[in-house]
Amino acid sequence: MPRTPYAMGPDGWEGPGLPQSNFPSFMGAPWIPCREDAIRDAGARAAFLGVPFDQATVYRSGSSHAPRALRYVSEMFLPYLGDFDINVFDEFRLADAGDVPMIPADAERSRSYIERWVSEILRAGAMPICIGGDHSIPIPIGRAISEHVTGRFGYIHFDAHIDCQPNFAGERFTNWSHVARMIELPNVDPRNVAIVGARGALNPPEQWDFVEEHGIRVYRMREIQERGIEEVVREALDLVTDGTDAFYCSLDSDVVDASAMPGTDAPEPGGLLSTEMLRACELIGARRPIALDLVELIPAYDNPAQISLRLAGYMILHVLGGWATGGERIRG
Ligand SMILES: [Mn+2]
């Protein structure tokens, strides 16, 4: 299995990398420079990209530590996914494209790098798996997609929070504003935007006015409880792919119930079970998103067993499993 190469020992030993040693890539995937030609040459159909940007959070920072922490947790994940009977390396030639360079105190330059790095992966024909970072990163990712696709693209956003704040104290690029920015792109129609999992006490009235005014479909947790995750996610995916050339999926970790996802900016009770989240990820994968992000993971607030990071890693794997199998489980 691909593993981070073990450092050459004094006796010339050059065996495979072992857990707990050296600096791991995501699941031991090969490090590939984040350039179109390199990703294409590697044959990668999906590329892990760290986006350690947390300069735009309106609440707690620390999500910049998530890409590195997720790499450490993922080193114990085996590439064979028994639930789907696939090997992610055979199926996707999964690559680790490293991290986007983030410039302290220069959010604009950092966002421009995010856009450029993501563009390289899109042009190589691979799916960027962008690990935040805070929930402002869909703003530059959305710009990269907007430039890349020929027609319209849809946006599906899993989150306890609807994130439709037009600005926060005058600032337009916060982690509360990405939906408001997304629908300003010339090829995003608000009718192709769906928000899944909304609940809690952090969605102010002006944001509900915003979704109503623009005709954005919000699936609250109450509706998911009544109708079931399967039906709701299938409908939301129909909505974001209706008349579009592609869709982009953004996963805020706090859509999952706080009991299974404490390691996040704003943990919210009353959310998705881990099983519901993983099933949603399979359905997302089956529809083949052009790009995926997973944001607002804060390792410092995770519990000692790192359940949040483990679930986050499995969310990615279930998107890949759904992609490979059309959302049908082969085993398990
Ligand atoms: Mn959120």
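Modeller: The model is a predicted one. Helix α4 spans residues 107-123 and packs against helix α5, residues 138-148. On the α4 side, the contact is made by R111, I114, E115, V118, S119, L122 and R123. On the α5 side, the residues that meet them are P140, I141, R143, A144, I145 and H148. Sorted by class, the contact of α4 with α5 comprises seven nonpolar, two polar and four charged residues.

Helix α4 also carries an aromatic pair, one of six in the structure. Its members are Y113 and W117, whose rings are 5.6 Å apart centre to centre. With 50 degrees between the planes, the pair of Y113 and W117 is tilted. Y113 and W117 are four residues apart in α4, about one turn of the helix. Y113 has a relative accessible area of 17%; this lies under the 20% limit, and therefore Y113 is buried.

Another of the aromatic pairs joins Y155 and Y248, and this pair is tilted as well, at 5.1 Å centre to centre and 45 degrees between the planes. Here the pair links distant parts of the chain, 93 residues apart. Y155 belongs to strand β6 (residues 153-158), whereas Y248 belongs to strand β9 (residues 246-252). Both Y155 and Y248 are buried.

Methods
Residues numbered from 1 in each chain as written. Predicted model: local features only at pLDDT ≥ 70, side-chain atom pairs only at ≥ 80, totals over all residues. Heavy atoms only, no water. Axes fitted to C-alpha atoms, helices over the stretch in contact; angles between N-to-C directions. Helix = DSSP H or I, 4+ residues; strand = E, 2+ residues; numbered from the N terminus. Contact = heavy atoms within 4.5 Å. Nonpolar A, V, L, I, M, F, W, Y, C, P; charged D, E, K, R; others polar. Phe/Tyr/Trp six-rings, centres within 6.5 Å; stacked < 30°, edge-to-face > 60°. Buried < 20%, exposed > 50% of the residue type's maximum accessible area, 1.4 Å probe, protein only.
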